[in-house]
Amino acid sequence: MKGTGLKKETAAALSYVLGPVTGIIFLILEKDPFIRFHAMQSIVTSVGLIAVREILIRSIVLYLLGQIVGILMFVLWLILIYKSWMGETWEVPFFGKLAKKLVKKV
């Protein structure tokens, strides 16, 4: 048995559950390109959006925008889990392309 032994759609969906933490775990454990793409997209998207949100909420003027980004992150998180569970390779704009490039290098 290689990897986690989970169905590839299940493993891909689980790679989003704890953002970069589960993304790294599945990136290390799995060799399937579908799972590795979703794991890398989880890492890149989570880190990128968390950084953007943190920058925004540091400013009183942009605090509300930071909160909106937080809500959008949650909605995106649900969409990504659903899409990967359904077996789709859906790319988040910007982050998806970056994830595709990075997963080839790892």
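How much space lies in the largest pocket? The largest pocket holds about 210 Å³. The model behind this value is a predicted one.

## Lining of the pocket

The largest pocket is lined by 14 residues, and those closest to its centre are Tyr 16, Gly 19, Ser 46, Met 73 and Trp 77. Sorted by kind, the lining has 10 nonpolar residues, four polar ones and no charged ones.

H3 and helix H4 (63–85) each provide at least two of its residues.

## Secondary structure

The protein chain has five helices and zero strands. Followed along the sequence, its pattern reads α-α-α-α-α.

## Helix H3

Helix H3 covers residues 33–57, which is 25 residues.

## Overall dimensions

The protein chain has 106 residues, and a compact globule with that number would have a radius of gyration near 13 Å. The radius of gyration of the protein chain is 14 Å, which agrees with that expectation. Along the principal axes, the C-alpha atoms fill a box of roughly 50 × 25 × 20 Å.

How much of the protein chain is buried? Buried residues account for 38% of the 106 residues, where buried means under 20% relative accessible area.

Definitions and conventions
Residues are numbered from 1 along each chain as its sequence is written. This is a predicted model: local features need pLDDT of at least 70, side-chain atom pairs count only at pLDDT 80 or more; totals for chains, interfaces and linings use all residues. Side-chain values use heavy atoms; hydrogens and water are left out. Helices (H or I, at least four residues) and strands (E, at least two) are DSSP runs, numbered from the N terminus. The expected span of a helix is 1.5 Å times one less than its number of residues. On a 1 Å grid over the protein atoms alone, a cavity is a set of points where a 1.4 Å probe fits but cannot get out, and a pocket is an open set with protein on both sides within 12 Å along at least five of seven lines; lining residues have an atom within 4 Å of a point. Grid points are joined across faces, edges and corners, and a volume is the space filled by probe spheres set on the points. Ala, Val, Leu, Ile, Met, Phe, Trp, Tyr, Cys and Pro count as nonpolar, Asp, Glu, Lys and Arg as charged, and the others, Gly among them, as polar. The radius of gyration is taken over C-alpha atoms; the globule rule is 2.2 Å times the number of residues to the power 0.38. Buried means under 20% relative accessible area, exposed over 50%, partly exposed in between (1.4 Å probe, protein chains only).
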